[in-house]
Amino acid sequence: MTEWASGNIYIRPSRMLAKGEAVPGHTHNFDHTTIVYHGAVMIRGELSNGTVIEREFKSPRPDYGGPSHALIKADVKHTITATEDGTIFWCVYAHRNPQGEVWQNYTGWAEAYS
(Lines give C-alpha, C1' and ligand atoms only; values in the text may rest on other atoms or scores of the structure.)
Protein backbone atom coordinates (compact mmCIF):
# COMPACT_ATOMS: atom_id res chain seq x y z
CA MET A 1 0.00 0.00 0.00
CA THR A 2 1.17 3.50 -0.65
CA GLU A 3 1.09 6.55 1.60
CA TRP A 4 -0.75 9.68 0.59
CA ALA A 5 -1.50 13.25 1.58
CA SER A 6 -5.12 14.37 1.91
CA GLY A 7 -5.40 18.08 2.49
CA ASN A 8 -3.49 18.89 5.65
CA ILE A 9 -3.09 15.29 6.83
CA TYR A 10 -0.91 12.35 5.88
CA ILE A 11 -2.29 8.79 5.73
CA ARG A 12 -0.16 5.65 5.99
CA PRO A 13 -2.18 2.44 5.45
CA SER A 14 -0.89 -0.88 6.77
CA ARG A 15 -2.11 -4.35 5.87
CA MET A 16 -1.68 -7.32 8.19
CA LEU A 17 -2.58 -10.54 6.45
CA ALA A 18 -2.62 -12.88 9.45
CA LYS A 19 -3.91 -12.80 13.00
CA GLY A 20 -0.91 -12.35 15.32
CA GLU A 21 1.16 -10.37 12.81
CA ALA A 22 2.62 -7.28 14.52
CA VAL A 23 4.26 -3.95 13.85
CA PRO A 24 7.22 -3.97 16.29
CA GLY A 25 7.37 -1.48 19.15
CA HIS A 26 8.25 2.03 18.00
CA THR A 27 7.63 5.69 18.83
CA HIS A 28 6.72 8.79 16.83
CA ASN A 29 7.80 12.41 17.20
CA PHE A 30 4.18 13.67 17.31
CA ASP A 31 0.70 12.46 18.26
CA HIS A 32 -1.12 10.48 15.59
CA THR A 33 -4.35 8.55 15.18
CA THR A 34 -4.61 4.90 14.19
CA ILE A 35 -7.90 4.00 12.50
CA VAL A 36 -8.89 0.34 12.07
CA TYR A 37 -10.29 0.16 8.56
CA HIS A 38 -10.95 -3.61 8.49
CA GLY A 39 -10.51 -6.30 11.13
CA ALA A 40 -9.10 -5.62 14.59
CA VAL A 41 -5.86 -4.79 16.40
CA MET A 42 -4.48 -4.87 19.91
CA ILE A 43 -2.46 -1.76 20.67
CA ARG A 44 0.05 -2.04 23.50
CA GLY A 45 1.52 1.23 24.73
CA GLU A 46 4.42 1.65 27.15
CA LEU A 47 4.41 4.99 28.95
CA SER A 48 7.61 6.68 30.10
CA ASN A 49 6.83 5.77 33.74
CA GLY A 50 6.71 2.05 32.84
CA THR A 51 2.91 1.75 32.81
CA VAL A 52 1.64 -0.59 30.07
CA ILE A 53 -1.78 -0.07 28.50
CA GLU A 54 -3.37 -2.61 26.14
CA ARG A 55 -6.67 -2.19 24.33
CA GLU A 56 -8.36 -3.78 21.35
CA PHE A 57 -9.76 -1.67 18.51
CA LYS A 58 -12.04 -3.03 15.77
CA SER A 59 -13.30 -1.71 12.48
CA PRO A 60 -16.75 -0.09 12.66
CA ARG A 61 -19.46 -2.73 12.31
CA PRO A 62 -22.90 -3.48 13.78
CA ASP A 63 -21.70 -6.22 16.17
CA TYR A 64 -19.13 -4.03 17.95
CA GLY A 65 -19.88 -0.86 19.85
CA GLY A 66 -16.30 -0.10 20.88
CA PRO A 67 -13.72 2.27 19.43
CA SER A 68 -12.39 1.92 15.90
CA HIS A 69 -9.55 4.40 16.37
CA ALA A 70 -6.86 5.23 18.91
CA LEU A 71 -4.85 8.34 19.68
CA ILE A 72 -1.17 7.41 19.99
CA LYS A 73 0.66 10.10 21.94
CA ALA A 74 4.12 11.31 20.94
CA ASP A 75 7.06 9.35 22.36
CA VAL A 76 4.87 6.46 23.61
CA LYS A 77 6.40 3.18 22.52
CA HIS A 78 3.61 1.13 20.97
CA THR A 79 3.10 -2.21 19.26
CA ILE A 80 0.15 -2.95 16.97
CA THR A 81 -0.90 -6.61 16.62
CA ALA A 82 -3.65 -7.97 14.36
CA THR A 83 -6.30 -9.87 16.31
CA GLU A 84 -8.18 -10.90 13.16
CA ASP A 85 -7.01 -12.15 9.77
CA GLY A 86 -7.00 -9.57 6.97
CA THR A 87 -6.69 -6.53 9.23
CA ILE A 88 -6.05 -3.13 7.65
CA PHE A 89 -5.35 0.01 9.68
CA TRP A 90 -4.38 3.56 8.81
CA CYS A 91 -2.03 5.88 10.70
CA VAL A 92 -3.21 9.46 10.24
CA TYR A 93 -1.31 12.58 11.26
CA ALA A 94 -0.79 16.25 10.44
CA HIS A 95 1.93 17.69 8.26
CA ARG A 96 4.51 19.51 10.40
CA ASN A 97 7.45 21.81 9.88
CA PRO A 98 10.82 21.40 11.69
CA GLN A 99 9.56 23.59 14.54
CA GLY A 100 6.78 21.04 15.13
CA GLU A 101 3.98 23.34 14.02
CA VAL A 102 1.04 21.86 12.11
CA TRP A 103 1.35 22.86 8.47
CA GLN A 104 -1.37 22.85 5.83
CA ASN A 105 0.82 21.32 3.13
CA TYR A 106 3.59 18.74 2.92
CA THR A 107 6.83 20.47 3.97
CA GLY A 108 9.33 17.83 2.88
CA TRP A 109 10.53 17.42 6.47
CA ALA A 110 10.79 13.60 6.68
CA GLU A 111 11.19 13.47 10.49
CA ALA A 112 7.56 14.60 10.87
CA TYR A 113 6.51 11.23 9.44
CA SER A 114 8.74 9.01 11.60
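**Exercise 1.** State whether Tyr93 is buried or exposed, and find its aromatic partner.

*Solution.* Tyr93 has a relative accessible area of 9%, so Tyr93 is buried (buried: under 20% relative accessible area; exposed: over 50%; partly exposed: in between; 1.4 Å probe, protein chains only). The model is predicted: local features need pLDDT of at least 70, side-chain atom pairs count only at pLDDT 80 or more, and totals for chains, interfaces and linings use all residues. Residues are numbered from 1 along each chain as its sequence is written, and side-chain values use heavy atoms, with hydrogens and water left out.

Next, the pairs. The whole structure holds three aromatic pairs (ring centres of Phe, Tyr and Trp, the last by its six-membered ring, within 6.5 Å; planes under 30 degrees apart are stacked, over 60 edge-to-face, the rest tilted). Tyr93 pairs with Tyr10 in a tilted arrangement, 5.5 Å centre to centre with 45° between the planes. Tyr10 sits in strand 2 (residues 9-16) and Tyr93 in strand 9 (residues 87-96), 83 residues apart (strands: DSSP runs of E, at least two residues, numbered from the N terminus). Tyr10 is buried too, at 14%.

**Exercise 2.** Describe how Tyr37 and Trp90 pair, and which parts of the chain they tie together.

*Solution.* The pair is stacked: 4.8 Å centre to centre, 10° between the planes. Tyr37 belongs to strand 4 (residues 32-38) and Trp90 to strand 9, so the pair ties together parts that are 53 residues apart in sequence. Trp90 is partly exposed, at 23% relative accessibility.

How values were computed. Helices (H or I, at least four residues) and strands (E, at least two) are DSSP runs, numbered from the N terminus.
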